[in-house]
Structure formats: C-alpha cells, structure tokens
Amino acid sequence: MTGTGLTALAAQAPGTTALAAKAHGFLSPTGVEVAFLLVGLVTLGAALVTVTTKQLVHAALWLVVTLGGLAVEYLLLTAEFIAWVQVLIYVGSVVVLLLFGLMLTKAPIGRSPDADSGNRWPALGVAVAAAAALVWVVTDAFRATWIDLEGAAAAGEGSTKVTGEFLFRHWVLPFEALSVLLLAALVGAIVLSRRENGGRR
Amino acid sequence: MHLVYPAVLAALLFCTGLYGVLARRNAILVLMSVELMLNAVNLNLVAFDVWLRDELHAGQALTLFTIAIAAAEIGIGLAIVLLVYRNRGTADIDRLRDLAESGQHTEPADRERQAEATA
C-alpha cells in the first residue's frame with residue numbers, strides 16, 4: 001500500500017470530514033465532476049434501456065452507448081489506455097459478437113413481447129434492494145474521499161507508457177497466463193461450434 | 001473528484017445488470033447484462049486505482065485482465081448458446097428445463113429428437 005493511499009484512508013476519520021469538505025467543497029463541483037455526472041447519467045440511462053427494451057437488436061445498440069459512455073468515464077478518470085482498450089474490445093468486438101449471436105439465433109427484428117421472463121417483478125425487487133444497500137454503504141464509506149486527478153494526470157498514470165511499464169514489469173506472469181486462457185477459450189469455442197458430424201465423415 | 005461519483009455509478013450499473021440477468025428470457029440478453037456487471041466492476045477498479053495511486057497499478061492491470069476474460073467469456077458463452085439453439089431450436093432460458101425435478105416439461109421437439117436417437 002502506498003503512502004498516498006494511507007493518507008487518503010486517514011482522511012476518512014470523522015473529525016476530518018468537515019476539514020476535507022472545506023478544502024474541496026461539497027457544493028461547488030469541478031468541471032470534471034460535472035462532466036462525469038452528465039456522462040454517467042447518459043450511461044446509466046442507456047444501461048436501463050438495454051435491460052428493459054423489447055427489441056433485441058436495439059438492446060445491443062444501446063449497449064454500445066453504455067460501453068462508449070464508460071470509455072469516456074475512464075478518460076475522465078485519467079485511465080487513457082484502458083479507455084481505448086474498452087473502445088477496441090467492447091464496442092469493437094464484443095457487441096459485434098453479440099449481434100452475430102442475435103442474428104444466428106434468428107432473433108425477431110422488431111418488438112418481441114416475450115423478451116422478459118415471468119420473474120420480472122421479483123428481479124426488480126432484488127435489483128432495487130441491492131442498489132439501495134450498495135449506494136447507501138458506498139456513500140457512507142467514501143463521503144469524505146477525494147481523488148487527486150490533477151496529480152494522477154501530471155504523473156501520466158494511465159498513459160500507454162506507464163501502462164506498458166507496469167504491465168510488463170510486475171504483471172508479466174499473469175499476462176502470459178491470460179494469453180493461455182484466451183487460447184483455451186478460442187479452442188473451446190471452435191470445438192463447441194463445429195458441427196458434430198463434420199469430423200466423422 | 002469526489003470518489004462517491006464513480007462508486008455510485010458503478011453500484012447502479014451493477015444493479016442494472018443484476019436486474020437484466022434475473023429478468024431477461026433470451027440467453028443473449030442475459031449475456032449482455034453480464035457484460036454490464038463486469039463493466040461496473042471495471043469502473044470501480046479504475047476509480048480506486050486512481051484514488052490509491054498504487055505502485056503496482058493493480059487496479060488498471062486487473063481491469064485489463066477483466067476485459068480479456070470478458071472477451072473469452074462472451075466467446076464461449078455465445079458458442080454454447082448457439083449450440084443449444086441448434087439442438088433445441090430455442091435460446092429461451094425459461095424453456096431449458098432438462099434439469100428440473102418433475103420431468104413433465106419435456107418439449108415436443110426434445111421427444112422427437114429422443115425418438116430419432118433411439119431409432
């Protein structure tokens with residue numbers, strides 16, 4: 001754990017809440033915070049449409065908006081490399097794969113009334129209860145915690161150079177293990193999607 | 001930036017994905033909701049990495065790993081869904097009841113296929 005992390009943890013002590021609030025201001029959000037909030041609202045709205053729309057292809061297209069909004073949030077959090085990886089992998093390939101899946105399972109174009117299953121209301125209850133509990137705990141825990149975005153941006157924390165350095169210095173072994181996992185997933189997908197009688201003839 | 005903004009957004013996105021996983025009927029829509037939940041976790045990881053300024057950058061490294069694992073998961077998941085669709089003619093998770101206790105819900109297509117297999 002770094003020193004900055006410990007000092008940030010110490011800033012959570014109840015007595016220093018007012019002090020931290022005085023230093024940063026609860027009621028005067030910075031421009032980054034306003035941008036984060038607006039993009040967050042768009043992202044959350046697109047996510048809600050994704051899970052509630054009756055049109056299956058529209059769900060995939062709203063998922064693009066959600067994932068793109070999250071990429072913008074990563075940029076605002078100075079994680080530049082991750083934002084571009086998000087655009088490349090999620091918006092570029094995962095959504096295309098999902099659209100392929102929808103087409104190959106002959107999903108109806110247009111409204112399909114049976115997109116939601118019968119346990120819709122229990123699901124809504126579970127989700128709202130989980131959201132209330134999580135938001136309550138998170139706001140209570142991090143009420144007086146601020147991210148030093150200027151320092152992170154000045155140090156180039158999320159740039160490609162820094163990312164490459166820590167990824168190939170400290171995380172080489174997990175990275176290589178991950179490449180083996182991707183290979184296994186590739187082979188598994190090919191084996192699964194090959195036609196059964198293709199090999200026997 | 002106040003840490004509450006990304007943390008609350010991640011929590012709400014996670015619960016949106018939770019609702020989608022529980023309420024959707026099409027298997028591919030369930031996979032989309034799983035992606036939403038994974039992305040909420042990624043946002044949390046990035047926000048806490050920027051907050052803690054860890055020397056190892058564990059948050060950003062784990063975010064990259066999560067993205068790669070999500071790509072693998074969606075590939076395998078779609079292959080399985082397509083296989084189920086090819087065998088059963090539906091990707092409707094409400095109708096895949098082979099593991100249910102009663103055994104009365106066997107679909108007509110399944111019975112046809114079983115008869116074909118025994119013949």
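Colleague: Which residue takes a positive phi just after α2(B)?

Modeller: Arg53(B) does, with a phi of about 55 degrees. This is a predicted model, in which local features need pLDDT of at least 70, side-chain atom pairs count only at pLDDT 80 or more, and totals for chains, interfaces and linings use all residues. Residues are numbered from 1 along each chain as its sequence is written, chains are lettered from A in the order in which they are written, and side-chain values use heavy atoms, with hydrogens and water left out.

Colleague: What salt bridge does Arg53(B) form?

Modeller: Its partner is Glu157(A), with the closest N and O atoms 3.1 Å apart. A salt bridge here is a side-chain nitrogen of Lys or Arg within 4 Å of a carboxyl oxygen of Asp or Glu. Between chain A and chain B the count is 2 salt bridges.

Colleague: How many residues does each chain bring to the contact?

Modeller: Chain A brings 96 residues and chain B brings 70, where contact means heavy atoms within 4.5 Å.

Colleague: Back to α2(B): which residues does the helix cover, and how far does it reach?

Modeller: Helix α2 of chain B (a DSSP run of H or I, at least four residues) covers residues 27–52 and reaches 38 Å from its first C-alpha to its last.

Colleague: Is α2(B) mostly covered or exposed?

Modeller: Mostly covered: 20 of its 26 residues are buried, meaning under 20% relative accessible area with a 1.4 Å probe, protein chains only.

Colleague: What caps its N-terminal end?

Modeller: Asn26(B) does, through a side-chain oxygen 3.0 Å from the backbone nitrogen of Ile28(B).

Technical notes
Helices (H or I, at least four residues) and strands (E, at least two) are DSSP runs, numbered from the N terminus. The expected span of a helix is 1.5 Å times one less than its number of residues. Buried means under 20% relative accessible area, exposed over 50%, partly exposed in between (1.4 Å probe, protein chains only). A polar contact is a pair of N or O atoms within 3.5 Å; within protein, one must be able to donate a hydrogen and the other to accept it, and residues adjacent in sequence count only if both atoms are side-chain atoms.
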